[in-house]
There are 2 protein chains.
Amino acid sequence: MRMGQGVEWALHCCLNLAWVGAPVPGARLAGHYDLPAAYLNKQLQALVRAGICDSVPGPRGGFRLAREPGAVSLLDVVVALEGPEEAFRCTSILGAAPGGDPAADYSGSCAISLSMRSAELAWRRELAARSLADVAADVVRHAPDAPQRVRAALAP
Amino acid sequence: MRMGQGVEWALHCCLNLAWVGAPVPGARLAGHYDLPAAYLNKQLQALVRAGICDSVPGPRGGFRLAREPGAVSLLDVVVALEGPEEAFRCTSILGAAPGGDPAADYSGSCAISLSMRSAELAWRRELAARSLADVAADVVRHAPDAPQRVRAALAP
DNA sequence: GAAACCTGGACATCTAATATCCGGGATGTG
DNA sequence: CACATCCCGGATATTAGATGTCCAGGTTTC
């Protein structure tokens, strides 16, 4: 089971955008981490579609956070890039077993499906309870000059 | 992000094995759910390697649970099939950023990595706290004759 | 108008999951 | 012992998804 790399990229980019404030071109973000610009751009576009980022075309344009860092949870970013589907997907194989209804959807009644879903909910709860502002605060506690260095590297 | 289908198959099979008690051939389990026998067999083999199942060759052989259902957690099954690696993998892109150490491993210090890892721990905790016996008890509560029907369909 | 920048789609590539097949070994039965 | 049953593990397709590239448009600033 593996999460797309875009999540890691997007989270780092969002933290940086939170510190810069002004729009940052996607190419500059890509250069900052030595990432493929065109591909990173796709992830940023997904953040825009999810309402997490704003995009500004033209010179002096780029991407910026659309909300306060405290109003963007890690879950928001994960869902924006990975979609809302659960990692465990019940395919209702009980319907193929003797006595089962092949047309029924067991995802809401199968005890296995419910257990897996419940565990995944715990994961989502943790992610939802943690905002970009929380993470940023942790970074600053460990490296107080991080915001300033990011601004120096990325600000126009 | 998606979990392999083998996890669902294996969990259903393990529940059945818990109810049957005697060894059940992989082909019979596959027929029970109309699954590809050769492929399901690979998942069962992984359960054997993980010490969750025993395999008995020869006539009257098959697979059976190697431990009490109460001693097999959902996490055991997930790890047996998906491996111990985390879904979120820190690739230390901070090392490529200005001021970063390209050779360093940031997975233990990067605040983003730590947050993602912490959320995943919550998921694993839930899975570890739930055993096959717990799930089986839920099934019986909802369909008291399930164990008997499974035995009738799968027992030798 | 030109340059900077985002948008969205089409396309190529690579990896992992899914699936099949076969030769081999172990075990119980007659 | 001979045979049927069944697991083991490697080699090999097939497919879907993730990764990555490219280009023909827009929009905005200067």
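**View 1. The surroundings of DNA strand C.** In this predicted model, 23 residues surround DNA strand C, and the closest are Ser55(A), Gly4(B), Gln5(B), Pro36(B) and Gly58(B); a residue is near a strand if its C-beta atom, placed from the backbone, lies within 6 Å of it. Two or more residues each come from H2, helix H3 (37-49) and strand S2 (62-65) of chain A, plus helix H1 (5-20) and helix H3 (37-49) of chain B. Helices (H or I, at least four residues) and strands (E, at least two) are DSSP runs, numbered from the N terminus. H3(A) gives the most to this surface, with 3 residues. By type, the surface near DNA strand C splits into 11 nonpolar, 11 polar and 1 charged. Here Ala, Val, Leu, Ile, Met, Phe, Trp, Tyr, Cys and Pro count as nonpolar, Asp, Glu, Lys and Arg as charged, and the others, Gly among them, as polar.

Residues are numbered from 1 along each chain as its sequence is written, while chains are lettered from A and ligands numbered from 1 in the order in which they are written. As this is a predicted model, local features need pLDDT of at least 70 and side-chain atom pairs count only at pLDDT 80 or more, but totals for chains, interfaces and linings use all residues.

**View 2. The surroundings of DNA strand D.** Around DNA strand D there are 22 residues, with Gly4(A), Gln5(A), Pro36(A), Gly58(A) and Ser55(B) the closest. The tally for the surface near DNA strand D is 11 nonpolar, 10 polar and 1 charged.

**View 3. Where chain A meets chain B.** Here 39 residues of chain A are in contact with 40 residues of chain B, contact being C-beta atoms, placed from the backbone, within 7 Å. H5(A) brings the largest share of chain A's side, 10 residues. That side of chain A holds 23 nonpolar, 7 polar and 9 charged residues.

**View 4. The rotation axis.** A rotation of 180° with 0.0 Å of shift along its axis puts chain A on chain B (RMSD 0.1 Å), which is the relation of a two-fold axis. Of the residues of chain A, Trp123(A) comes closest to the axis, at 2.4 Å (C-alpha).

Notes. Two residues are in contact if their C-beta atoms, placed from the backbone, lie within 7 Å. Copies are superposed by least squares on the C-alpha atoms of residues with pLDDT of at least 70 in both.
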